[in-house]
Amino acid sequence: MDIFIHDIIKIKYIDEGYLPDYPYHLISDEEMFEAFMKTDQDNVLQDICFFKDNYQCLDPELQEDYDTLVSEILYHIYEYLEDKTYKIPDWVYSYMLLECICDNSKVEDRHDYLVLLGLDNIDDKMSGEIQARNLEISRGWINKFPSEYKEHRPPTMFGEPHVIKALRLQSVEIG
Amino acid sequence: MKLLNVDKNTTLSELSKRIGRSNLNKLLNANKLDRTPKIGQAFVDLCNNIYQTTPEVSSDEKVKLLNTLTDNSDIFEEVSLTSENGWKLVSQLRTIPGKVHVPDTVELADSADMLGNGISISSTIYSQAVSSIRSTGRVDSNIFETSGSSPSIAIASSGSGATSTVFDSFHVPWGDITLYSTGSGETVDFPVYPEELSDQAVANYTQMPDMLYQYEPWQIYTSSGPRQCNINFKFHRDMWSGDHRDGSANNLVRFCEAQCYPNYNGSAVNAPTSTLYIVGKPWITGVITSVSPVWSGPIGLDGFYLYCEMELQFTEVASQALSYSTIRNKSVVG
């Protein structure tokens with residue numbers, strides 16, 4: 001089953017060098033997910049994969065939450081590879097498309113996100129403190145989900161869309 | 001031949017956007033690079049590997065390499081002055097540290113991040129570079145130093161009587177405003193229009209005395225005039241030749257002030273009359289009763305003020321008998 005967003009991701013990864021320079025329709029989903037998140041048997045991220053290049057844990061104290069995030073993303077990927085009718089959640093695709101704010105996001109998006117967090121800095125760079133604050137907000141938001149939606153939905157230390165939403169609602173004192 | 005700036009943080013997608021996706025593989029092949037997301041870091045690693053594995057480049061080899069670079073003087077200069085490691089890179093990849101070699105089949109517009117100006121190196125510099133390499137193994141950077149021989153920039157000359165001045169760039173209405181004096185028969189030009197022209201026509205009446213029971217006094221005409229004009233000029237001492245030390249502005253002020261004094265010739269006292277012409281038409285002819293220059297800063301090179309506001313007060317001495325009809329029929333201007 002062709003999924004349009006997979007084509008978009010493949011084109012993006014070919015442009016960026018994570019996939020070989022073939023026509024995108026000749027790239028399999030397995031190759032695409034391997035380019036996104038390449039791990040060994042112990043789910044440790046390998047070098048030169050999209051996720052590791054863009055989303056790094058900057059605070060050793062958050063390593064456990066980071067590993068949880070990685071393993072939950074891998075869960076959804078493996079579920080899809082087992083059964084191609086499985087629907088990968090949108091939040092996984094947001095990482096694959098670099099929609100989550102990180103150090104390699106556009107500087108304007110990073111700046112707006114850091115201002116919302118109240119941790120803006122001159123270089124608009126991420127830090128352990130920023131990731132910890134982000135994790136706290138994400139945890140608070142996800143805890144409000146009904147229990148069936150919390151499963152395999154870890155809190156994150158990166159600027160996922162729900163974190164931005166929570167911050168914007170906070171800024172107008174809602175929620 | 002062109003060389004394109006690349007640093008260790010350059011990504012493959014950035015390079016692709018810079019040179020075009022269709023040219024990317026050609027550039028990677030020319031620089032012995034594989035497709036990888038962090039292409040800048042990969043290039044740095046490749047360069048470091050070349051530094052460690054390539055032997056020193058001999059002087060003869062350097063001359064041979066320079067002979068291939070004579071079509072682009074900027075590349076010739078950069079290569080000539082590069083380090084020993086840089087020469088190794090030139091010998092292996094035809095490029096220098098921090099730049100990738102752009103193959104000739106890839107056409108890119110010139111930009112600040114590219115070398116390859118297409119200007120041939122001068123034979124003098126080429127000869128000096130080659131002899132420097134043969135004698136010392138390196139190129140002396142002084143042969144590229146051109147500041148000593150750079151052409152001097154001719155700043156517009158100034159001084160009284162100069163025909164070309166900075167004020168040629170401005171519209172200075174020379175000849176439009178002139179003042180003629182009968183005292184010396186001289187005419188001087190003002191470099192500016194009057195800021196203000198105030199004119200005045202007056203009539204003098206007296207009242208019939210000892211009139212009783214009149215609802216208003218009878219006015220008896222006695223005389224008219226004199227017409228009086230106040231004219232204000234604002235000018236700068238640089239406005240004549242561009243050099244305020246030429247004395248032209250001061251000459252103008254003295255000329256005006258002199259109109260307030262007569263010439264004595266024995267017992268004869270000859271007071272001058274003056275005529276102010278505006279665009280060739282006489283505005284007023286009469287005696288100048290007051291000349292009030294007000295000097296203000298900045299201070300010029302000769303230690304005197306540069307800016308002057310000067311007021312002239314004219315009292316008309318009409319050149320013809322004035323009546324209702326002559327005044328009524330005067331031109332609108334003048």
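The model is predicted, so local features are kept at pLDDT of at least 70 and side-chain atom pairs at pLDDT 80 or more, while totals for chains, interfaces and linings use all residues. Residues are numbered from 1 along each chain as its sequence is written, chains are lettered from A and ligands numbered from 1 in the order in which they are written, and side-chain values use heavy atoms, with hydrogens and water left out.

A salt bridge here is a side-chain nitrogen of Lys or Arg within 4 Å of a carboxyl oxygen of Asp or Glu, and the structure holds 18 of them over all chains. One of these pairs A:Glu30 with A:Lys84, whose closest N and O atoms are 3.7 Å apart. A:Glu30 sits in helix α2 (residues 29-36) of chain A and A:Lys84 in the loop between α4 (63-82) and α5 (90-96), so the contact ties together parts that are 54 residues apart in sequence. Helices (H or I, at least four residues) and strands (E, at least two) are DSSP runs, numbered from the N terminus.

Another bridge runs between the two chains. The side chains of B:Lys38 and A:Asp53 meet at 3.5 Å, N to O. The pair goes from the loop between α2 (21-30) and α3 (39-53) of chain B, where B:Lys38 lies, to helix α3 (residues 50-54) of chain A, which holds A:Asp53. B:Lys38 is partly exposed, with a relative accessible area of 42%, whereas A:Asp53 is buried at 14%.

Within chain B, B:Arg18 and B:Asp113 form a salt bridge with their closest N and O atoms 2.8 Å apart. This pair links distant parts of the chain: B:Arg18 is in helix α1 (residues 12-19), B:Asp113 is in the loop between β2 (99-102) and β3 (114-115), and 95 residues separate them. B:Arg18 counts as partly exposed at 28% relative accessibility, and B:Asp113 counts as partly exposed at 24%. Elsewhere in chain B, salt bridges link B:Asp199, B:Arg227 and B:Glu316 in a network.

A:Glu99, A:Glu108, A:Asp109 and A:Asp112 make up a negative surface patch. Patches consist of residues with over 30% relative accessible area and no salt bridge, with like charges joined within 9 Å and nonpolar side chains (Val, Leu, Ile, Met, Phe, Trp, Tyr) within 5 Å.

What about the cysteines? A search of the whole structure turns up zero disulfides over all chains, a disulfide being a pair of cysteine sulfur atoms within 2.5 Å. A:Cys49 is buried at 0% relative accessibility, and A:Cys57 is buried too, at 19%.

B:Ile133, in helix α7 (residues 123-136) of chain B, is also buried, at 0% relative accessibility. B:Ile133 and B:Ser80 lie 53 residues apart in sequence and 8.9 Å apart in space, C-alpha to C-alpha.

The backbone of chain B has a few features worth a look. The peptide bond from B:Gly225 to B:Pro226 is cis, with omega near 0 degrees, and B:Pro226 falls in the loop between β8 (219-224) and β9 (228-236). A cis bond also joins B:Gly297 and B:Pro298, with omega about 10 degrees; here B:Pro298 lies in strand β13 (residues 281-299).

Positive phi values turn up as well. B:Arg94, a residue other than glycine, has a positive phi near 60 degrees. B:Arg94 is in the loop between α6 (84-93) and β2 of chain B and is partly exposed at 33% relative accessibility. For B:Asp210, likewise not a glycine, phi is positive and near 55 degrees. B:Asp210 is found in the loop between β7 (203-207) and β8 of chain B, and this residue is exposed, with a relative accessible area of 77%.

Methods: Accessible areas come from the Shrake-Rupley method with a 1.4 Å probe; for residues, only the protein chains shown count as cover. Lys and Arg count as positive and Asp and Glu as negative; His and the chain ends are not counted. The place of a charge is taken as NZ of Lys, CZ of Arg, CG of Asp or CD of Glu. Buried means under 20% relative accessible area, exposed over 50%, partly exposed in between (1.4 Å probe, protein chains only).
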